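Could you walk me through a sheet and a helix residue in this model? Here is a short briefing to read beside the structure.

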Amino acid sequence: MTGDQQPLALVIGIGNRDRGDDAFGPAVAHRLMGRVPSTVRILEHSGDVLALIEDWDGIPSVIVIDAMAPISKPGQVHRFDLTESPLPIGFAPSSSHALGVAETVELARSLGRLPQCLLAYLVEGEQFETGVPLSPVIAAAVADVAERVLAELSTILETDGRAQHA
Amino acid sequence: MANRTIRVDYIARVEGESSLELSIRNGKVDAVRLSIFEPPRFFEALLRGRGFVEVLDIVARICGICPIAYQMSGVHAVEDALGIEVNEPIRALRRLLYCGEWIQSHALHIVMLHAPDFLGYPDAIAMARDHGEAVQRALALKKTGNDLLRLLGGREIHAINARVGGFYRVPSRAELAPVAEALKHARDQAIESLRWTGGFPFPEFVRDYEFVALRHPDEYPMNAGRIVSSAGLDIAAADYETEFIERQVPYSTALHSELKERGAYLVGPMARYALNRDHLPPEVLALANEVGLEPVCHNPFRSILVRGVEVVYACHEALRLITDYEPPSRPFVPPEPRAAIGYACTEAPRGILYHRYRIDADGTILDASLVPPTAQNQDIIEEDLREVATAGLALDEETLKARCEQSIRNHDPCISCAAHFLKLQVRRT
């Protein structure tokens with residue numbers, strides 16, 4: 001892919017690397033670096049989630065990876081297809097800003113600016129303390145989610161390839 | 001009157017965590033308390049013992065919405081202490097950086113946080129279904145602001161490129177050219193956005209504020225100027241603590257500010273506009289007139305128009321700065337530590353932000369004082385709420401509740417310098 005070519009898929013790891021398990025999304029994104037086809041862009045996102053709408057503009061498939069407050073078991077991974085429906089209540093990751101990921105997705109839906117395919121992988125965090133590393137149980141989930149994202153990308157690109165050759 | 005309690009457990013469209021309690025006794029508003037209940041963040045203590053070169057990286061972390069403001073007040077205060085005078089291109093670049101923050105911060109508040117109040121929507125998501133173009137404009141404006149921040153600051157949030165004496169790296173004219181193109185488009189969108197808000201229904205409400213803002217002889221204030229007020233105050237930043245005091249209130253972890261012997265005062269866009277309108281270019285003033293903005297706006301519900309005027313101005317000013325820009329011969333003046341105290345006040349999107357640092361001979365920060373605009377506006381927000389609630393006693397609970405929330409958002413409180421949830425509680429006995 002040349003520098004100006006629009007990617008076919010985008011993977012966004014959301015979170016603050018300095019806030020404990022909030023670093024999960026960036027950790028997965030980092031693990032995927034160099035392991036995806038050139039038609040896939042990997043992005044770490046640490047702040048203004050409203051900018052996601054601009055980030056995925058024109059990209060057909062997007063996978064978002066984020067940490068969420070624990071609701072059952074820290075380290076539990078949840079997968080959602082947000083293309084047709086919002087995040088269920090209770091799964092919306094909280095944000096220190098006015099609009100969080102769930103609100104941004106719904107705003108994009110209202111504006112007709114959702115990607116054709118939008119998937120979310122959320123891990124239940126254990127702690128979000130300043131300056132501490134990932135909890136062991138969360139760190140253990142990084143590799144698993146990275147592999148699952150690679151499998152998703154494989155399916156997405158294969159489907160896109162078939163669509164392009166149809 | 002029957003005892004009644006009105007409670008809003010979560011108001012999403014403010015930056016930060018706080019609660020509000022309104023007590024209404026015998027048909028009169030008895031007490032209004034805006035409580036910021038987050039634990040103190042100790043940034044002033046955190047700065048002690050650090051080198052002056054670390055100040056900008058530390059203070060930027062106070063806020064994810066207005067980190068440039070913290071960096072600008074910080075850098076000017078440290079430079080004041082060290083006796084550093086930056087050259088004109090550096091000064092222009094800092095102003096350009098501030099334009100980026102004003103654009104993105106104001107665009108977010110005007111459309112995403114405040115506009116739904118006027119149009120009867122619970123949030124921007126619902127509003128976007130009917131007013132998609134307005135929301136798209138805000139997103140585009142915000143992106144342009146962020147692009148400026150990324151180019152000059154190194155990244156959108158918690159910039160890393162500003163430093164004491166200047167910048168680590170300055171942009172070339174070629175790098176600024178595409179941003180200028182985006183800004184031309186942004187200026188048009190800002191004008192459309194202002195016209196859109198000009199058609200909103202505004203409650204009849206007038207307050208007699210003492211406005212406090214910076215005043216510069218030649219320009220609408222951002223990074224420089226004296227602190228002036230509508231009641232005749234005219235002081236240098238170094239005299240801030242002789243005229244203003246901070247006081248602790250038992251129900252909040254944030255300090256309240258007041259003018260000595262005069263009490264509450266208002267900082268922010270309404271104050272800036274009231275005290276500096278003559279520095280706006282004719283085309284921006286014409287737009288202010290077109291949307292019916294009076295020379296001095298006393299209705300806080302109309303602050304959304306003032307913010308809109310400032311977004312247009314920030315786009316206009318950014319374009320001027322880029323047109324005139326000549327890269328400096330060197331990106332920074334090398335700082336030399338010395339024992340001194342430095343003071344600065346700059347205009348954050350929400351109003352004046354005061355910093356003071358005492359530095360020892362080897363450049364270590366001995367102590368620091370930071371007074372954010374939202375802390376300064378807390379008394380005004382409470383006074384507004386008292387007036388709004390008094391005028392709205394006959395309203396049904398939901399309408400009164402909505403009006404109170406809107407009243408808080410009139411001042412775009414950035415409580416993420418301290419907060420995230422706002423719980424509104426009205427007690428009637």
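Predicted model: local features only at pLDDT ≥ 70, side-chain atom pairs only at ≥ 80, totals over all residues.

Residues are numbered from 1 along each chain as its sequence is written, while chains are lettered from A and ligands numbered from 1 in the order in which they are written.

**The sheet**
- In chain B, 3 strands form an open antiparallel sheet in the order β12-β13-β14; strands are DSSP runs (E, at least two residues) and helices are runs of H or I, at least four residues, numbered from the N terminus.
- The edges are β12 (340–348) and β14 (365–371) of chain B, each with a single partner strand, so one side of each has no neighbour in the sheet.
- Neighbouring strands are turned by 15° against each other on average, direction ignored.
- Helix α3 (residues 67–82) of chain B packs on this sheet, touching β12 and β13 of chain B, and its direction makes about 150° with that of β12(B); axes are lines fitted to C-alpha atoms, for helices over the stretch in contact, and angles run from 0 to 180 degrees between N-to-C directions.

**Pairing of β13 and β14**
- Strand β13 (residues 351–359) of chain B runs antiparallel to β14(B), joined by 6 bridges; strands pair if DSSP finds at least two bridges between them.
- B:H355 stands opposite B:L370 in β14(B).

**Around B:Y98**
- B:Y98 sits in helix α4 (residues 88–119) of chain B.
- B:Y98 is buried because 28 C-beta neighbours lie inside 10 Å; the cut-off for buried is 20 or more other C-beta atoms within 10 Å, with C-beta atoms placed from the backbone.
- Leaving out residues up to four places away in sequence, B:Y98 touches B:I68, B:M72, B:M222 and B:N223; contact means C-beta atoms, placed from the backbone, within 7 Å.

Notes. Buried ≥ 20, exposed ≤ 12 C-beta atoms within 10 Å, placed from the backbone. Contact = placed C-beta atoms within 7 Å.
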